[in-house]
Each structure stands twice: as structure tokens, then as C-alpha cells.
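Subject: Structure for your review

Dear colleague,

Please find below the structure that I am handing over to you. My notes on what was found in it follow directly after.

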Amino acid sequence: MKLELDVQAAETFLYPTNMAKRDYQFNIVQRALFDNVLVALPTGLGKTFIAAVVILNFFRWYPKGKIVFVAPTKPLVAQQQMACHGICGLPWDVACEMTGNTAKSRRGDEWEEKRIFYMTPQTLDNDLATGDVDPKDIVCLVVDEAHRATGNYAYCNIVSQMQAVNPYFRILALTATPGSTSERVQEVIDNLHISLIELRTEEALDIRQYIHKKREEPIVVSMTDDFRHLRDLYLDVMDENCNTLVTHVLLPRCDAATLHPFRVRSIYAERKSILAQKRWLGSTINETAKMADARHHLDTFSIKMFRARIQELLDSMKKQDSKKMKLAQVINLAASMPDEAHPKMIKCVDVILDHFSRETQDSSTRVMVFCSLREAVHEIVDLLNQQEGVKATPFIGQASDKRGRGLTQKEQQEIIQKFKQGTYNVIVATSIGEEGLDIGEVDLIVCYEAVKDSVRMLQRVGRTGRKREGRIVVLMTEGPESSVWQKSKDTYKGVQQTITAGHSVTLFDDVPRLVPQSIKPTAHFEELDQPEFEPAMISSKKAAGKSQSHGERSEEEEAGRGGGSVSTGCGAERRPATHRIEAHHYLQHRQSRRDYK
Ligand SMILES: Nc1ncnc2c1ncn2[C@@H]1O[C@H](COP(=O)(O)OP(=O)(O)OP(=O)(O)O)[C@@H](O)[C@H]1O
């Protein structure tokens with residue numbers, strides 16, 4: 001029987017005083033020992049500390065039990081391992097990092113030897129399927145960035161595989177943003193078998209004192225006359241297509257200024273019978289979708305990106321008709337304008353220069369710009385680097401695409417180090433910079449576009465205000481984009497409120513308490529010795545760089561979000577080491593055990 005409780009150890013739960021006691025952390029830890037808890041805490045409030053304390057106690061209580069911490073990417077896995085073991089004296093020699101980099105042949109042995117595992121979900125999912133990991137060994141599963149537990153993401157399969165064999169394990173799920181709708185939150189709850197939610201908004205009384213102010217400034221950027229002229233000329237051409245779609249009853253109405261490419265493509269599903277009669281309309285639909293996409297790039301990103309899309313459209317048009325000629329006029333006009341003439345580019349540079357001019361005394365100030373598309377990232381970097389005092393760099397994923405190659409993990413790691421050291425003072429990132437990575441202190445975030453998804457919006461915002469006050473500027477072009485930010489914020493608030501009020505989500509009530517009711521662990525506060533970090537003790541480092549098992553997809557691929565990831569090369573700040581503690585240190589007073597099924 002693997003799940004053997006050390007009855008004496010379970011009389012108490014250890015609560016380290018290595019960090020100041022915060023009531024919200026203490027309360028959450030207490031609950032997470034007995035329930036499957038989804039912790040939804042704003043960024044920077046110490047979710048990792050909560051996880052480390054829970055791990056520490058399951059480690060003490062179940063001397064043969066294993067604990068697994070899963071995080072979506074290899075760099076996050078490495079970062080969280082360093083952070084957990086740097087907080088509350090967890091011994092290194094029982095810990096093991098297992099990702100796609102760990103030789104498959106070693107993973108079974110590591111599983112037998114070690115107690116605490118830091119894994120990517122794909123690796124755990126695979127090893128559960130192959131039997132290298134026995135779910136009956138696991139007493140506690142910590143799930144980082146738990147909002148990902150939807151659809152067919154590996155987190156979902158892990159929990160269902162584990163539960164099929166052994167329902168007696170605890171789940172601690174961590175996120176800053178549980179989901180953008182109540183339905184998504186419910187999906188996460190269902191997939192992770194959650195029995196309790198610990199959610200705090202930024203306004204919650206018990207966390208308010210630990211939150212640094214974040215000043216949010218949505219800026220609706222006005223169009224310049226030149227820009228408006230270009231746009232109007234283009235909308236005239238688009239109107240011809242819109243009229244065709246309306247005339248043939250493919251769309252009830254069609255405004256070229258706001259038309260979304262997705263709306264155009266949905267015609268195929270909605271108007272099958274008309275299209276069966278008039279097949280030639282297919283090319284108008286495709287062309288209009290491309291036009292709407294180009295207009296979106298013009299409104300949201302850059303003139304250069306707009307030109308590239310119009311050029312692609314022109315290249316695909318066989319007929320030399322008046323429409324093609326008008327589009328050629330549009331592209332000529334766009335080419336006559338400097339790339340940096342896009343109102344957002346102008347504003348972005350202004351905001352950043354203004355920030356540096358105000359912070360002249362503070363050479364440590366750093367800025368992060370978020371922009372969903374790589375092409376725009378490169379343009380913004382080039383433009384910023386023409387400005388005095390700005391040292392900007394792109395920060396993108398590893399995947400290469402037709403427009404260029406990505407950054408390797410090593411390059412990403414170097415960028416973060418150089419950003420922290422000040423070689424760069426601006427990072428311009430795609431979505432890979434959004435989630436969980438320790439990028440350093442950022443004083444100003446510029447969102448080059450407003451994202452609809454409130455989870456992503458919150459992750460972006462969370463990159464500032466971690467140790468001191470921060471400012472977030474969201475740039476939106478006047479017109480349709482200008483309402484996106486507010487909508488995204490309202491959605492997020494609405495979801496938080498309904499969850500807090502207990503409406504709209506249903507929790508599991510069949511989650512067994514692992515520690516018998518007769519045992520009521522009381523808190524024991526103690527400053528724990530912090531073992532010195534010895535890289536050689538992390539097993540996967542010994543076997544690093546080895547094979548990825550056949551058929552296993554890379555973590556970056558699986559992680560989605562631009563297919564990239566970053567290694568920080570360093571974890572949380574660690575207290576100076578005193579002396580090493582071995583695993584048995586926690587177990588030495590063990591007298592009696594009993595099985596608990
Ligand atoms: N009780 C505490 N007292 C002081 N500092 C703390 C405490 N708990 C955590 N911290 C510090 O707060 C910082 C943020 O912690 P952590 O990275 O765990 O936050 P997080 O909630 O996981 O954020 P994110 O959602 O961005 O990953 C770290 O530097 C950590 O050491």
C-alpha cells in the first residue's frame with residue numbers, strides 16, 4: 001500500500017516562517033491540505049509559496065507518497081522547481097525534473113528513487129500511459145497555470161488517467177485567471193475535479209495590502225489625416241465586395257469598416273443552399289475575408305503589414321479589372337507613407353520616450369511591450385532602436401514561420417538576463433512573455449493592441465506591479481478596437497463576481513479527505529533550514545539533453561500560445577543556505593503508521 005500516513009507527522013502541518021506570514025496564504029494552505037482547491041490569486045501574490053508549503057506537508061505526512069508539480073513549459077518547470085525548493089527547506093536530493101529532455105530510459109528509475117517531481121504535462125501524461133509513472137504513488141498533484149485545463153490539453157487527461165486508478169490524491173490548481181467565462185471556469189473545475197475555489201480579486205481585503213498599485217491607461221489613438229485617407233480609399237474598394245455579399249443575401253448587412261474575416265467565412269456554413277446555386281460567389285467570399293483581414297492589420301498593427309497583405313491579395317487576383325487597379329492605388333498610397341506613420345506606432349514611441357524622460361534618475365526602469373504578431377514586434381523594435389536611450393529587443397517563440405525564424409531557448413534566456421542587467425531596457429514580446437515567467441521588474445507595460453481574451457489581458461497586466469507600482473498603457477485605434485479593453489475587463493469582473501457569489505459554477509462534493517477525520521493537524525510555525533542548492537542533485541540535469549520519447553510532442557508545441565518558451569536560468573530569490581537537510585530529517589520521529597484507503 002503506497003498511501004501510508006505517518007500518523008505522528010500528521011498531528012501537525014509545518015508552516016515555514018522563512019517568509020512573512022500572510023493570512024491569505026495561510027488560509028489557502030490549510031484548505032489545500034484537505035480539499036482539491038483551485039487557487040485564483042492575482043499575479044505576484046506568492047502562489048508558489050502556497051504550493052511549496054502544501055508539498056512540504058504531503059512529503060512529511062506520506063513517507064512513501066510522491067508529489068508531482070506540473071507546469072506548461074520546460075522553463076516554467078525549471079523556474080518553479082527552483083522557487084519551491086528555495087522557499088521552505090524542501091530537500092533537493094528527493095526532487096527530480098522530468099520533461100521531454102529527460103531520457104525516457106531514465107524516467108522509470110527516477111520515479112522509483114525520488115519523491116517530488118517537476119514535470120511538463122505531456123511527459124506526465126505519456127509516463128502515466130506507458131506505466132513509467134504509477135498513479136497509485138501520487139498523493140498530491142500541483143497544477144500550475146491551471147486555466148489551461150480545458151479541451152484536450154494534457155492536464156485533463158492526466159487527472160482522468162489518475163482518477164481511473166486511484167481517486168485518493170490531492171489536487172492543488174494554481175492560476176491568476178481561472179477563465180474568461182463561467183463556462184470555461186466550470187470546464188477547469190470539471191477537468192481537475194475541484195471541490196473548493198479560493199479566489200481573490202485585486203480588491204479583496206486580505207490581499208489589498210500586498211498589491212502594488214497598477215495604473216491602467218487605455219489610450220484611444222486618433223487617426224491622422226493621411227492614415228484616414230488611406231483607410232477610406234481602401235474601404236471604398238472593400239465596399240464593392242460587401243455590396244455583392246448583401247445583394248446575394250449572403251450577409252444581411254455588411255460594413256467594411258468593422259467586418260470580421262471570421263464573419264465572412266461563416267457564410268460557407270450558413271448559406272450552403274445559395275452557394276450551391278452560385279458557386280462563383282466563393283471567390284468573392286474568400287477575397288472579402290482577405291480584405292477584412294488586411295483592414296484589421298491596418299487598424300490594429302502597421303502600414304507595412306497592411307501593404308504585405310494587399311500585395312498578396314493583388315498577386316492572387318487574375319483579372320485585370322477596376323478593382324485590381326483601385327487596390328494598386330491603395331498600395332501605392334500606403335508605400336508613399338513612412339512605416340512609422342501608423343498612429344499607434346507614433347503613440348507607442350511617444351509613451352515609451354515619455355516614460356524614460358520621466359525616469360531619467362532611475363536607470364533600472366524597464367518597459368515591456370506586448371504585441372500579438374511577430375511582424376509588428378520587429379517593426380516596433382526597429383523603430384524604438386532609432387530613439388536615443390532606448391535599447392529594445394524582440395522576445396518571440398522558437399517556431400520559425402515563413403516570415404522569419406524564432407529565437408532558441410538559449411537566445412530567449414540571454415535576452416531575459418540582458419534585460420535584467422540593463423543591456424536592454426525594452427522587451428517587445430509576443431504572447432510568450434505573458435505567462436508566469438520571471439522576467440524581472442517591469443515598470444511600464446504597453447499593450448500594442450487590446451486583446452479580447454480576459455485571461456491573456458490579465459496575464460499581460462500581471463507582468464508589472466510585482467514589487468513596486470506599475471503602469472499599463474493599452475493602445476487602441478479609434479473605431480471598433482476602442483471598446484475591446486473595457487469589454488475584456490467587464491467580462492473578467494463579471495466572471496469573478498459570479499464565482500465569488502457562488503453562482504454559475506458547480507464544485508465536486510465527492511472529494512475524500514485523505515487524512516482521517518480523527519486526525520486534526522494543527523499548525524506548527526517554524527523557520528526551516530534552507531538546503532544549499534546543488535545542481536548535481538537535480539537528476540534530470542545529469543541526463544539532460546537526451547531523447548524525447550517516440551511520438552511525444554514537444555512541450556512548446558503543446559503549450560500553444562505562439563509555440564515558444566523561455567528559460568530564465570534562475571529561480572526565485574533564495575535565502576542564504578545554512579545547512580543541508582536530508583529527506584529523513586522530516587521523518588525521523590516517525591513511530592507508527594497506518595494505512596488509509
Ligand atoms: N509571504 C511572503 N512574504 C514575502 N514575499 C513573498 C511571500 N510569498 C511570496 N513572496 C514573494 O512574492 C513574489 C511573487 O511570488 P510568486 O512568483 O510565487 O507569485 P505568483 O502568484 O506565482 O505570480 P505569477 O502568477 O505571476 O506566477 C516572489 O518574489 C516571492 O518570493
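The chain exposes about 24,900 Å², of which carbon and sulfur atoms supply 49%. Please bear in mind that this is a predicted model.

Overall composition

The chain holds 22 helices and 17 strands. Of its 597 residues, 56% are buried. When contacts between residues at least 6 apart in sequence are considered, 79% of them join residues at least 24 apart.

Salt bridges

A search of the whole structure returned 24 salt bridges.

In the pair formed by Arg31 and Glu198, the closest N and O atoms lie 2.9 Å apart.

Arg200 is classed as buried because its relative accessibility is 10%, under the 20% limit. Asp206 has a relative accessible area of 27% and is therefore partly exposed.

The side chains of Asp339 and Arg307 also meet in a salt bridge, at 3.1 Å from N to O. This pair, too, links distant parts of the chain: Asp339 sits in the loop between α15 (322-336) and α16 (343-358), Arg307 sits in helix α14 (residues 303-316), and the two are 32 residues apart. Asp339 is partly exposed at 23% relative accessibility, and Arg307 is partly exposed at 21%.

Salt bridges with shared partners join Arg31, Glu198, Arg200 and Asp206 into one network.

Surface charge

Which residues form a negative surface patch? The patch is made up of Asp232, Asp236, Asp239 and Asp255. Asp255 lies in the loop between α9 (225-247) and α10 (261-265). With a relative accessibility of 43%, Asp255 counts as partly exposed, and this value meets the patch requirement of over 30% relative accessible area.

With kind regards

Conventions: Residues are numbered from 1 along each chain as its sequence is written. This is a predicted model: local features need pLDDT of at least 70, side-chain atom pairs count only at pLDDT 80 or more; totals for chains, interfaces and linings use all residues. Side-chain values use heavy atoms; hydrogens and water are left out. Helices (H or I, at least four residues) and strands (E, at least two) are DSSP runs, numbered from the N terminus. Buried means under 20% relative accessible area, exposed over 50%, partly exposed in between (1.4 Å probe, protein chains only). Contact means heavy atoms within 4.5 Å. Accessible areas come from the Shrake-Rupley method with a 1.4 Å probe; for residues, only the protein chains shown count as cover. Patches are made of residues with over 30% relative accessible area and no salt bridge: like charges are joined within 9 Å, nonpolar side chains (Val, Leu, Ile, Met, Phe, Trp, Tyr) within 5 Å. A salt bridge is a side-chain nitrogen of Lys or Arg within 4 Å of a carboxyl oxygen of Asp or Glu. Lys and Arg count as positive and Asp and Glu as negative; His and the chain ends are not counted. The place of a charge is taken as NZ of Lys, CZ of Arg, CG of Asp or CD of Glu.
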